[in-house]
Amino acid sequence: MPRPATIAAVKGFRDILPAESQRWRAFERAAGDLFGAYGFGEIRLAVLERTELFARSLGETTDVVEKEMYSFADRDGTSLTLRPEATAGVVRAYLESGLVHRDPAARLWYAGPMFRRERPQKGRYRQFYQIGAEVLGRDDPLADAELLLMLVRYLAVVGASEVRLSLNSLGDAACRPAYRERVRAFGEAHREALCPDCHRRLERNPLRLLDCKVEGCRAVMARAPVMLQSLCAACRAHFDAVCALLDQERVAYVIDPRIVRGLDYYCRTAFEVLASGLGAQNAVAGGGRYDGLVAALGGPDVAGVGFAVGLDRLAAAVEIDGTGSEGPAAVILPLEERAVGPGLALATRLRHAGVHVGLEPAGRSLKALLRTADRQRARLAVILGGDELAAGRATVRDLARREDEPLALALDAPEAELLRRVRRGATV
Ligand code: AMP
């Protein structure tokens with residue numbers, strides 16, 4: 001029979017193998033620890049949502065909703081979408097679970113895959129991972145400042161040191177409409193230089209002109225009026241207070257009036273973190289305030305502010321430790337079939353005590369087995385042959401120290417003694 005062909009992953013989708021996933025787990029652990037200290041609890045969100053959730057929260061005219069969502073009709077005809085981001089899901093859960101009443105100032109963090117049908121390239125995938133945090137029910141500048149402080153600290157803790165935080169304010173319902181009109185007028189004046197999508201945006205949502213990715217449009221819009229100069233007094237005071245708190249805590253940032261967030265519900269504080277050395281896709285995190293979102297999703301007038309860190313890019317930005325993953329503390333090498341059972345018993349005792357132990361099948365020469373242990377970068381080889389079984393003691397060879405003098409390890413040694421022997425070997 002011909003061998004069947006292998007099956008490739010879907011374009012833009014990839015797997016994270018152990019050499020890398022170890023680092024990703026460290027990212028998640030660090031998030032749990034640090035975010036916990038700031039009062040955030042983890043929420044494990046649904047991956048699939050009703051399409052309507054994103055249409056309503058992100059805005060019908062955003063790139064994500066218009067072109068990038070993985071949507072399909074369920075068997076009963078309901079339109080469903082693989083989440084392109086998590087804030088909408090967090091707010092849905094906050095309302096649906098009743099947290100909005102029990103804990104209106106909930107602080108929630110999440111980690112998981114998001115899905116957008118963008119053009120794949122280095123640092124841009126169709127399934128990518130985010131760790132994010134959302135503060136609900138707080139419209140004061142302290143909430144923004146704490147969140148930013150936590151984000152910056154998080155990036156430092158996981159080892160992304162070459163990063164730059166950029167801040168802007170997008171105004172609110174009081175000052176944005178007038179600004180939108182100024183952008184519309186500017187866009188109209190430069191209509192002939194704008195792309196067809198932007199012509200449509202001009203009619204439907206002129207602020208979208210500011211984050212068009214087409215080079216010609218970007219060149220035009222670089223000269224457009226900026227929101228920061230059109231803020232109302234309340235938004236100005238909010239922004240200044242956020243900056244003052246960051247200054248007090250010595251958080252480095254730059255003010256960048258060109259930051260617009262792609263999603264309609266953002267207001268006031270908007271930010272982005274860029275990392276050096278990543279090429280074109282150099283944004284590792286972004287976020288901002290979204291005070292109108294909860295109400296837009298049918299809830300009360302509750303404010304919110306949050307961020308999302310892109311793990312794929314964070315992993316690329318964090319210096320890669322050349323040593324790779326660690327080998328086992330010990331590998332047990334049964335020289336004959338009879339030694340397999342006692343070998344498994346020893347391995348189980350050590351593994352259940354939390355020690356990383358390898359166990360090889362019998363049937364090869366000692367030389368071949370030692371080579372295998374070396375390849376795995378094991379520190380100790382624990383040899384179990386006929387002599388060892390008769391004496392009830394394994395021969396332990398320190399592969400790291402290349403010692404010829406073998407040590408003996410009693411197979412029935414008490415737990416503490418076993419651990420002490422293996423760990424001592426493992427630390428030399
Ligand atoms: P956003 O939800 O668009 O604000 O994105 C927040 C962060 O998620 C970005 O700063 C990126 O680090 C990451 N991100 C967004 N889209 C992608 C993608 N297609 N591939 C990889 N990372 C992404």
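Reply: Gladly! Let's start with a polar contact, a pair of N or O atoms within 3.5 Å; within protein, one must be able to donate a hydrogen and the other to accept it, and residues adjacent in sequence count only if both atoms are side-chain atoms. Here the side chains of Q127 and Y129 are joined by a polar contact of 2.8 Å. This is a predicted model, where local features need pLDDT of at least 70 and side-chain atom pairs count only at pLDDT 80 or more, while totals for chains, interfaces and linings use all residues. Residues are numbered from 1 along each chain as its sequence is written, and side-chain values use heavy atoms, with hydrogens and water left out.

Me: Where is Q127 placed, and is Q127 buried or exposed?

Reply: Q127 belongs to strand β6. Helices (H or I, at least four residues) and strands (E, at least two) are DSSP runs, numbered from the N terminus. For cover, buried means under 20% relative accessible area, exposed over 50%, and partly exposed in between, using a 1.4 Å probe and protein chains only. Q127 has a relative accessible area of 16%, so this residue is buried.

Me: How do strands make up a sheet, and in what order do the strands stand here?

Reply: Strands of a sheet pair through backbone hydrogen bonds, either parallel or antiparallel. Two strands are taken to pair if DSSP finds at least two bridges between them. In this model, 8 strands form an open sheet with mixed pairing, in the order β1-β5-β6-β11-β10-β9-β7-β8. β1 (41–42) and β8 (254–255) are at the edges with a single partner strand each, so one side of each has no neighbour in the sheet.

Me: In which sense do β1 and β5 pair?

Reply: β1 and β5 (residues 107–115) pair in the parallel sense, over 2 bridges. Within that pairing, G41 is opposite L108 in β5.

Me: What about β11: how many of its residues are buried?

Reply: For β11, 7 of its 7 residues are buried. G304, G306, A308 and G310 point one way from the strand, while V305, F307 and V309 point the other way. β11 pairs with β6 in the antiparallel sense over 7 bridges, and G304 is the bridge partner of L136. β10 also runs antiparallel to β11, joined by 5 bridges; there, R289 has V305 as its bridge partner.

Me: Which backbone atoms lie by the ligand, and how much of the ligand does the protein bury?

Reply: A backbone N or O atom of Y125 lies 2.9 Å from a nitrogen atom of the ligand. On the oxygen side, a backbone N or O atom of V284 is 3.2 Å from an oxygen atom of the ligand, and a polar backbone atom of A285 is 3.3 Å from an oxygen atom of the ligand. Taken alone, the ligand exposes 480 Å², and the protein buries 88% of that. Such areas come from the Shrake-Rupley method with a 1.4 Å probe; for residues, only the protein chains shown count as cover.

Me: What should I look for in phi angles?

Reply: Most residues other than glycine have a negative phi, and most peptide bonds are trans. R250 has a positive phi of about 55° although it is not a glycine. R250 sits in the loop between α10 (233–248) and β8, and is exposed, with a relative accessible area of 76%. R268, in strand β9 (residues 267–275), also has a positive phi, near 50°. R268 counts as buried at 13% relative accessibility.
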